[in-house]
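Open the model in your viewer and keep the sequence panel beside it. The stops below say what to select next and what is there.

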Amino acid sequence: MSLTIENTSPEIEHKTIKDFNNIPKYLDIDSIIEHSALLSFHVLGSPVIQDIYENNKQCRPKIFQIISPHILHLSFSDMGNYVIKKIIVCDPDKSIMILNKLKNYIFQLAIDKHGTHIIQLLIEKVPEENLTDISKEFVGHYAELAVNQNGNQALQKLITRQKKEENDKIFLEIWKYLITISVNKYGCYVLQELLNNCNEMTYNQIFTIICQEIQTLIMNQYGNYILSYFLEKDKRYIKQYLDIIYNSIKGNIFKLSRQPMVKYDLALAATVSEV
């Protein structure tokens, strides 16, 4: 089953920022703080604001007050996102306030090359009870996140942090796309993380689906990582798994053994079968 991601970057109205001509040529620290929102977008200004925020605790409340109305815009910005990350790292207690500013844009940020770093850091820093504010905006998009260059990183962090029962819900949404995700260069890592952090019933359901598509996966550059996962990390069903692999590829073993992607799995299977 094919899986595509639409361009969901939001149209954000930006009225007050990026008129760099309004900044005086020479600034004292009070003037820098006064222009901190605008400077945060600038390739030279952003490092200055980060440094002041980190090393001048007395300035933090004023900087945050000025930046606060622009947190969403800064999170999508190539330079602004660094300022937001610095605030989260220096003052984790502000994570919830920042998260509230990003509501309704969590998914768009997660697949954005700049915004994803903000979402990943928030997943690490917000209290566990606030993780649902992030995951509820991922609902309906889990498969898209799994195969996205930026989104997969955020999804992996969420899977690692949240409870197994919540990860079981991810499987219920993506099971139709499980093989598509398995053969994707980003999705294969998401699936391994899910296998590490789900309940037994979900694990067994994934195992069953994988076993039905051995030939597809063993010939795929990324799908064979999933086969190797079960051979290396799970010895509970190893005899059953080896039988399934053999029955799927018998008659083609010599041909398959000449394929670089398959050699490792066959060698690993032979090693495991001797244990």
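Buried means under 20% relative accessible area, exposed means over 50%, and partly exposed is in between, with a 1.4 Å probe and protein chains only. The model is predicted, so local features need pLDDT of at least 70 and side-chain atom pairs count only at pLDDT 80 or more, while totals for chains, interfaces and linings use all residues. Residues are numbered from 1 along each chain as its sequence is written, and side-chain values use heavy atoms, with hydrogens and water left out.

**Stop 1: Lys 94**

Select Lys 94 and Asp 91. Both Lys 94 and Asp 91 are buried. Their side chains meet in a salt bridge, at 3.9 Å from N to O. The term salt bridge stands for a side-chain nitrogen of Lys or Arg within 4 Å of a carboxyl oxygen of Asp or Glu.

Now show Phe 64. The charged end of Lys 94 sits over the ring of Phe 64, 5.2 Å from the ring centre. For this contact, NZ of Lys or CZ of Arg has to be within 6 Å of the ring centre and within 35 degrees of the ring normal.

**Stop 2: other salt bridges**

How many salt bridges does the structure hold? There are six salt bridges in the structure.

Select Lys 157 and Glu 124, which form one of them, with the closest N and O atoms 2.8 Å apart. This pair links distant parts of the chain: Lys 157 belongs to helix H12 (residues 151–161) and Glu 124 to helix H9 (residues 115–125), 33 residues apart. Helices (H or I, at least four residues) and strands (E, at least two) are DSSP runs, numbered from the N terminus. Lys 157 has a relative accessible area of 29% and is therefore partly exposed. Glu 124, at 42%, is also partly exposed.

Go on to Lys 169 and Glu 166. Their salt bridge has its closest N and O atoms 3.3 Å apart. Lys 169 and Glu 166 are separated by about one helical turn, because they are three residues apart in helix H13 (residues 164–174). Lys 169 is partly exposed, with a relative accessible area of 48%, and Glu 166 counts as partly exposed at 26%.

**Stop 3: H10 against H12**

Return to H12 and show helix H10 (residues 131–138) with it. H10 and H12 pack at an angle of about 130 degrees, their axes being 11 Å apart. H10 is therefore oblique to H12. Axes are lines fitted to C-alpha atoms, for helices over the stretch in contact, and angles run from 0 to 180 degrees between N-to-C directions. Angles under 35 degrees count as roughly parallel, over 145 as roughly antiparallel, 65 to 115 as roughly perpendicular and the rest as oblique.

**Stop 4: aromatic rings and H18**

A search of the whole structure finds five aromatic pairs. Select Tyr 189 and Tyr 225, which form a tilted pair at 6.1 Å centre to centre, with 45 degrees between the planes. Tyr 189 is in helix H15 (residues 187–196) and Tyr 225 is in helix H18 (residues 223–233), so this pair, 36 residues apart, links distant parts of the chain. Tyr 189 counts as partly exposed at 42% relative accessibility, and Tyr 225 is partly exposed at 32%.

Next, select Tyr 229 and Phe 230. Their rings form an edge-to-face pair, 5.6 Å centre to centre and with 90 degrees between the planes. Rings of Phe, Tyr and Trp (its six-membered ring) pair if their centres lie within 6.5 Å; planes under 30 degrees apart count as stacked, over 60 as edge-to-face and the rest as tilted. Tyr 229 and Phe 230 are both buried.

Colour H18 by accessibility. This helix is mostly covered, with eight of its eleven residues buried. The buried residues of H18 include Gly 223, Ile 226 and Leu 227.

**Stop 5**

Select Asn 104, in the loop between helix H7 (95–101) and helix H8 (106–110). Its phi is near 80 degrees, a positive value in a residue other than glycine. Asn 104 is exposed, with a relative accessible area of 61%.

Finish at Glu 34 in helix H1 (residues 29–34). Glu 34 counts as exposed at 56% relative accessibility. The C-alpha atoms of Glu 34 and Ile 66 are separated by 7.3 Å, with the two residues 32 apart along the chain.
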